[in-house]
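Hi,

Here is the structure I said I would pass on.

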Amino acid sequence: MNFGDLDLNAVWFVLVGVMFTGYAMLDGFDLGVGTLHLFTRSDEDRRLMLNAIGPVWDGNEVWLVTGGGALFAAFPAVYATVFSGFYVTFVLLLVALIFRAVAIEFRSKQPMRWWRQSWDVAFCGSSVASSLLIGVVMGNIAWGIPLDARGEFCGTLPGLLRPYALLLGVTTVGLFMMHGCIYALMKTEGPLHHQLRGWVNQCIILFIMCYAVTTMATLLYVPHMAARVRANPWLFSIVLLNMLAIANIPREIHHGRDGRAFLSSCVAMAALMGLFGLELFPNLVRSNPVPAHSLTVYNAASSRKTLGIMLTIALIGVPLVVAYTTSVYWIFRGKVRLNQTSY
Amino acid sequence: MDVLALSRIQFALTSAFHYLYPPLSIGLGVMLVIIEGLWLCTRDPRYHQMARFWTRLFALTFAMGVATGIVLEFEFGTNWAAYSRFVGDVFGSALAAEGIFAFFLESGFLAVLLFGWDKVSRRVHFFATCMVCLGAHFSAIWIVVANSWMQTPAGYHIVGEGLLARAEITDFWAMVFNPSSMDRLGHVLCAAWQAGAFLVVSVSAWYLLHDRHWDFARRSLKLGLAVGLVAALLQLVSGHRSAVGVARNQPAKLAAFEGLYDTAPRAGLTLFGWVDERAEAVKGGVAITGLLSWLVHGDADQPVTGLRAFKPEDRPPVNASFQAYHVMVAIGVAMIGVAVLGFLHFRRTSWFGRRWVLWLLVLSVLGPQLGNQLGWIAAEVGRQPWIVYRELRTFEGLSPVVTANTVLGSLVLFSAVYALLFVLFLYLLNDKIQHGPDVDDLTPSGKLALPAREPRS
């Protein structure tokens with residue numbers, strides 16, 4: 001397809017961002033449900049939690065796989081630098097994602113108490129670890145990492161564990177926990193539902209506290225992540241939207257409208273990712289301390305031809321993906337009930 | 001050991017372990033489509049029972065495939081960063097296409113296949129099964145295209161020089177239909193169908209051997225043998241086409257497969273042997289003169305390029321390629337024999353007098369698995385010393401910032417995790433097989449419980 005003089009690099013910046021935002025919104029609640037998993041006590045409750053995400057978690061993880069593939073194809077230099085630079089982080093994330101997947105699959109396949117409890121711990125631990133590591137990576141991207149003239153990472157592993165990155169990791173755990181709790185509310189009924197209703201307010205409070213601290217830390221220590229909004233006051237509307245969406249969550253929960261609360265949570269995530277992208281652009285990986293070495297959408301991208309081919313693929317593929325993702329969520333709508341095919 | 005060796009071992013280990021599962025998903029996917037199709041046509045609840053049982057095994061293999069697959073995608077970036085920079089423009093688009101066309105399709109409809117039995121009608125469920133199967137095949141297509149481009153690059157040009165050089169796409173379809181992709185795709189799919197079919201054969205034969213689930217086992221065995229035989233016969237064609245393609249496009253690789261050093265007419269086909277790489281000769285081998293020339297060119301008098309035509313630094317490890325290739329071919333041929341033997345004995349009343357046939361069928365599941373592993377070893381070792389054939393050497397593809405100790409750490413971690421997973425997988429698989437098909441599944445429930453015809457006896 002011929003895309004005229006469309007800025008394909010910027011388009012792909014947005015598309016990769018959309019993929020990762022989709023991942024956060026969808027797999028975010030899976031990871032959140034996993035984080036809350038150990039707080040539920042009885043075996044039946046734990047199975048209900050697992051089966052709330054049972055039919056969809058696998059598809060949700062594909063957003064990460066495809067986002068990674070899109071990053072590889074559209075910005076190979078970024079893919080190479082970030083993945084090799086964050087080697088240990090990504091290996092740990094992989095191990096966590098492996099354990100998350102097999103814990104869901106294996107847990108209910110045997111009746112023994114020790115078997116189920118081990119997998120419960122594995123499921124919860126890997127969900128927390130995945131959220132934390134994703135947050136740490138985001139924190140480092142926001143802060144900027146040391147790059148040399150060739151765009152290779154030239155920092156150290158302990159350097160990646162700076163307090164700001166860890167703070168973002170904790171915030172991500174809190175965000176996903178709240179998101180997952182709201183999702184679980186939508187999918188459950190009876191005693192478990194009431195228990196979750198008690199927890200959701202605590203999750204919201206926890207997240208709002210993390211959010212406030214992260215916002216302050218960003219304004220104080222990472223001013224470049226607020227520079228564009230400062231320069232263009234009308235962009236403050238996105239900040240406002242983000243805050244209103246977050247404020248709307250406890251309101252909807254209070255009125256028992258869990259679906260709307262979930263939607264608000266999604267909007268809040270989208271606004272956060274939108275702000276993140278807006279402040280990052282045109283950089284993909286900001287070099288800190290030498291900004292001139294940054295990887296941008298222009299110096300790290302594939303050829304215009306590839307970006308065009310990929311956009312064509314995306315334009316064919318995305319409507320299909322949306323169609324069958326929607327139908328899967330439609331088929332499995334309503335409260336979760338256990339049967340013989342359940343996890 | 002250095003970063004190169006450790007990174008290669010890690011990629012080999014993680015991809016070999018991953019590749020135990022996708023062929024099973026692809027092959028069992030085909031079996032499930034056939035079984036559910038039969039159920040839809042005949043309305044015989046025994047096919048429903050079969051579909052339910054094999055779906056349980058399918059779910060287990062699929063989960064393992066998903067869990068171990070994401071590692072490979074990440075490793076391109078973590079361990080092979082220079083390679084990623086070099087090929088991203090070409091290879092990345094195939095990988096992204098795999099994500100968007102295959103993985104979403106598979107994982108979306110998998111939910112309906114596994115959990116939708118009571119929620120959707122038979123037709124919708126059958127459609128979902130077909131889509132999962134199709135998705136599994138799509139993922140095979142894109143990843144084989146990507147790997148084939150590394151074997152026989154096409155549709156690209158090199159931009160930049162030295163460390164900044166990279167491949168850029170010039171013709172997407174020439175990249176997709178590069179000289180080896182379609183032959184290799186056929187070869188991979190036939191092998192995957194066999195992997196699934198012979199798993200069905202193996203489990204069914206085990207039931208027969210222990211005199212359990214008689215009717216179920218006989219029906220499953222018949223279907224498994226049929227698919228296995230067709231795939232094994234097609235494999236002869238695809239294998240031959242692949243080998244001729246290798247001879248044309250990667251002559252050093254074919255020479256290594258055959259242990260051929262001299263370029264001469266009437267080149268012989270070595271049936272087995274041991275390659276002494278220092279003496280540049282095959283020891284203790286049996287060769288049929290002229291057969292290799294005839295297979296490659298259709299004319300025994302044409303010469304086949306030998307390894308001495310290549311500089312030593314451009315040659316792959318010969319004996320490893322030779323052995324992997326030869327054992328793979330032997331297994332491929334043996335699978336035809338196993339399937340034929342199974343069929344010949346199928347209608348005989350002397351089943352129980354022929355326990356060794358059943359035992360052979362029980363063990364047959366190992367054949368395609370071993371063949372798959374060896375086939376990929378032959379393909380990848382035979383491509384050495386190149387990571388992208390004649391464009392980028394393997395050592396040039398490494399991540400410049402990753403140290404040997406880091407890779408050693410992740411290698412140990414992955415080895416431990418995979419060892420644990422493999423034991424657990426076998427344990428659960430065995431448990432499911434021991435449990436056997438469910439009698440309850442003979443009466444479909446929920447939306448599936450439409451009036452069924454009486455089973456024909």
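**The hairpin in chain B**

B:Tyr156 has B:Ile169, in β2(B), as its bridge partner. Bear in mind throughout that this is a predicted model. The two strands involved are β1 (residues 156-159) and β2 (residues 166-169) of chain B; they run antiparallel and are joined by 4 bridges. Between the strands of this hairpin there are 6 residues, and B:Gly160 takes a positive phi near 80°.

**Where the chains touch**

Next, the contact between the chains. Chain A puts 52 residues into it and chain B puts in 55. On the chain B side, at least two residues each come from α3 (45-78), α4 (81-115), β2 and α14 (404-435). So which element gives the largest share of that side? That is α4(B), with 25 residues. By type, the chain B side divides into 34 nonpolar, 14 polar and 7 charged residues.

Helix α4 of chain A (residues 76-85) packs with α4(B) at an angle of about 145°, and the axes are 8 Å apart. The crossing of these two helices is right-handed. From α4(A), the residues that meet the other helix are A:Pro76, A:Ala77, A:Tyr79, A:Ala80, A:Phe83 and A:Ser84. Facing them from α4(B) are B:Ala81, B:Ser84, B:Arg85, B:Gly88, B:Asp89 and B:Gly92. Taken together, the residues of this helix contact split into 6 nonpolar, 4 polar and 2 charged.

**A covered helix in chain B**

Then take a look at α7(B), residues 181-209. Its 29 residues should span 42 Å at 1.5 Å a residue, and the end C-alpha atoms are 41 Å apart, so the two values agree. The helix is mostly covered, with 26 of the 29 residues buried. After α7(B) comes B:Asp211, which has a positive phi, near 55°.

**One leucine in chain A**

Why does A:Leu206 count as partly exposed? Because it has 17 C-beta neighbours inside 10 Å, while a buried residue needs 20 or more and an exposed one has 12 or fewer. In sequence, A:Leu206 is 30 residues from A:Phe176, and their C-alpha atoms are 11 Å apart in space.

Over to you now.

Best wishes

Key:
Residues numbered from 1 in each chain as written. Chains lettered and ligands numbered in written order. Predicted model: local features only at pLDDT ≥ 70, side-chain atom pairs only at ≥ 80, totals over all residues. Pairing = 2+ DSSP bridges. Contact = placed C-beta atoms within 7 Å. Nonpolar A, V, L, I, M, F, W, Y, C, P; charged D, E, K, R; others polar. Expected span 1.5 Å × (residues − 1). Axes fitted to C-alpha atoms, helices over the stretch in contact; angles between N-to-C directions. Left-handed = near helix turned anticlockwise from the far one by under 90°.
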